Amino acid sequence: MEKTEVQNQVHLDAATTLLTGNLLEEATRAGLDNTFQRWIQDLKDANNPELHQLVVDMQDLKAHFGSGTYDKDVIGRLLTRLGENTLKAAVFTDGNTQPRVEKLGEALLAAAKQVQHPDTANSAEQDLQNS
């Protein structure tokens, strides 16, 4: 069954919500692996070679979280690269999907800051929610 644009938008919104919380806390909960897998599959379903690096980085992030050992430098680097590349990928979307992709890119960058600098996470999270 082919995914509709609405299903993709729901996945984008769910990913953004996940990232605006405490990511390391979320990592301890069941279901994170499934969330990453849905996200990877959505990227693959787009069938756009420009999104290849996003797929690779998402797979690396999924594997890292699956290992149970969290290296904030690795996670921060992957989240930063994912955020930057997600913002760039927004040009491949249209309609109501584009602002969701942009918001996801911003959430990824905010999550990277949260992981790398937990003491400033609350202000970054509030900034994202107010945008």
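How closely do the axes of helix H1 and helix H6 come, and at what angle do they cross? The axes of H1 (residues 5-20) and H6 (residues 97-116) come within 9 Å and cross at roughly 20°. That makes H1 roughly parallel to H6, a label for angles under 35 degrees, with over 145 counting as roughly antiparallel, 65 to 115 as roughly perpendicular and the rest as oblique.

A few words on conventions. This is a predicted model, in which local features need pLDDT of at least 70 and side-chain atom pairs count only at pLDDT 80 or more, while totals for chains, interfaces and linings use all residues. Residues are numbered from 1 along each chain as its sequence is written, and side-chain values use heavy atoms, leaving out hydrogens and water. Helices are DSSP runs (H or I, at least four residues) numbered from the N terminus; axes are lines fitted to C-alpha atoms over the stretch in contact, with angles from 0 to 180 degrees between N-to-C directions.

**Helix packing**

The crossing of H1 and H6 is left-handed (the near helix is turned anticlockwise from the far one by less than a right angle).

| Pair | Angle | Axis separation |
|---|---|---|
| H3 and H4 | about 170° | 10 Å |
| H1 and H3 | about 135° | 11 Å |

At its angle, H3 is roughly antiparallel to H4. Their contact includes Phe 36, Trp 39 and Ile 40 of H3 together with Met 58, Leu 61 and Phe 65 of H4. By class, it has 10 nonpolar, 2 polar and 3 charged residues (Ala, Val, Leu, Ile, Met, Phe, Trp, Tyr, Cys and Pro count as nonpolar, Asp, Glu, Lys and Arg as charged, and the others, Gly among them, as polar).

H1 passes H3 in a left-handed crossing. The residues in contact are Asn 8, His 11, Ala 15, Leu 18 and Leu 19 of H1 with Leu 32, Thr 35, Arg 38, Trp 39 and Asp 42 of H3.

**Where the lining comes from**

H1, H3 (32-45), H5 (72-89) and H6 each supply at least two residues of the lining of the largest pocket. That lining divides into 13 nonpolar, 7 polar and 7 charged residues.

How values were computed: Contact = heavy atoms within 4.5 Å.
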